[in-house]
Amino acid sequence: MGVSTYALFDRSLGVAIYKLRKFPLDFVEIMSEGYHVLDKYNYRFHLEYLESYGMKNIIHAPFSDLNLAALNEKLRRVTLEIIFETLEIAHEMGSLLVVLHPGHYSPLSLKFSNAYEKVHKRSLEEIDKVSERIGIKVALENMPKFPILDGQTAGRIHELIDGTNLYVAFDVGHLYTVTDDFAEFIEVLKDKIIHVHLHDNDGENDSHLALGEGTIPWDDVLRLLPKNVTWSLEVRSLDDFKKSFEFLKSYLK
């Protein structure tokens with residue numbers, strides 16, 4: 001069990017790790033964005049901090065302003081360079097895995113769908129090769145319901161990772177904005193799921209609420225989720241994390 005630093009996204013990464021140190025967590029998932037971005041200059045400092053508290057880590061790769069499926073080759077290459085650097089850092093930090101967002105649609109790619117599919121697949125294959133060479137696991141995350149976002153369904157995630165050694169990060173809250181058929185998602189991708197994101201919502205908005213504050217049927221979902229993978233609470237605040245942590249403890253007794 002772990003938590004995403006998204007819960008303390010308005011603070012520096014050092015402060016976030018310090019505040020999370022007192023909880024009985026197996027790992028911290030570092031959302032490498034904004035104040036929490038990891039680069040080749042700062043990762044050693046944060047690794048030392050984590051190790052001093054006996055905490056393992058997962059890295060959520062950057063996604064803002066990036067697009068694996070960009071038809072503009074210069075933009076696609078910059079995106080891949082950032083992802084490749086993240087994989088190298090994850091290896092150096094002994095990360096359990098790296099979470100990756102799929103590419104997304106643009107006005108151009110909506111007109112040239114075949115090119116979009118080829119470019120998207122090529123990027124994922126390149127990431128797969130680099131991750132295999134480095135020795136770090138990469139898990140592709142399913143996206144919430146939103147017009148430009150790809151990878152919203154189990155079938156689509158399966159298409160994207162097919163032919164690669166990429167894994168799946170199952171975001172329960174994201175899926176609930178698309179469908180409430182959690183069993184299907186797990187059945188289609190069962191052996192590929194190595195990580196789970198937990199947060200709540202009303203079935204419409206990807207609001208990352210504390211567990212129990214939305215309408216996700218947790219009684220059913222928690223019974224279905226694979227138990228031999230990492231679970232990460234991805235909520236908006238430290239208070240929401242505390243509520244969610246207590247909520248989960250009551251279920252997992």
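**Helix packing, barrel and cores**

Let's start with a helix pair. Helix α5, residues 113–134, and helix α6, residues 154–161, have axes that come within 9 Å and cross at roughly 65 degrees. This is a predicted model, so keep that in mind throughout. Angles of 65 to 115 degrees count as roughly perpendicular. So α5 and α6 are roughly perpendicular to each other.

Who makes the contact? On the α5 side we have Tyr116, Glu117, His120, Lys121 and Leu124. They meet Arg156, Glu159, Leu160 and Ile161 of α6. By class, this contact holds 4 nonpolar, 1 polar and 4 charged residues.

Next pair. Helix α1, residues 13–20, packs with helix α2, residues 43–52, at about 5 degrees. Their axes are 10 Å apart. The cut-off for roughly parallel is under 35 degrees. That makes α1 roughly parallel to α2. From α1 come Leu13, Gly14, Ile17 and Tyr18. From α2 come His46, Tyr49 and Leu50. The class count here is 5 nonpolar, 2 polar and no charged residues.

Now the sheet. 8 strands close into a barrel. The order runs β1-β2-β3-β4-β5-β6-β7-β8, and the pairing is parallel. On average, neighbouring strands are turned by 25 degrees against each other, direction ignored.

Strand β2, residues 27–31, pairs with strand β3, residues 56–60, in the parallel sense over 5 bridges. Take glutamate 29: its bridge partner in β3 is isoleucine 58.

Back to α6, because it also packs on the sheet. There α6 touches β5 (138–141) and β6 (167–171). The direction of α6 makes about 145 degrees with that of β5. Another helix, α8, residues 182–189, lies across β6 and β7 (193–198). Helix α8 runs at about 170 degrees to β6.

Last topic: the cores. Which residues of the largest nonpolar core touch the most other members? They are Leu20, Leu87, Phe170, Val172, Leu198, Leu225 and Phe241, out of 67 residues in that core. Helix α3, residues 73–92, gives the most to this core, with 6 residues.

Zoom in on leucine 225. Leave aside its neighbours within four places in sequence. Then leucine 225 is in contact with Phe170, Val172, Ile186, Val196, Leu198 and Trp231.

Key: Residues are numbered from 1 along each chain as its sequence is written. This is a predicted model: local features need pLDDT of at least 70, side-chain atom pairs count only at pLDDT 80 or more; totals for chains, interfaces and linings use all residues. Side-chain values use heavy atoms; hydrogens and water are left out. Axes are lines fitted to C-alpha atoms, for helices over the stretch in contact, and angles run from 0 to 180 degrees between N-to-C directions. Helices (H or I, at least four residues) and strands (E, at least two) are DSSP runs, numbered from the N terminus. Angles under 35 degrees count as roughly parallel, over 145 as roughly antiparallel, 65 to 115 as roughly perpendicular and the rest as oblique. Contact means heavy atoms within 4.5 Å. Ala, Val, Leu, Ile, Met, Phe, Trp, Tyr, Cys and Pro count as nonpolar, Asp, Glu, Lys and Arg as charged, and the others, Gly among them, as polar. A nonpolar core is a set of buried Ala, Val, Leu, Ile, Met, Phe, Trp, Tyr and Cys residues joined through side-chain atoms within 4.5 Å. Buried means under 20% relative accessible area, exposed over 50%, partly exposed in between (1.4 Å probe, protein chains only). Two strands pair if DSSP finds at least two bridges between them.
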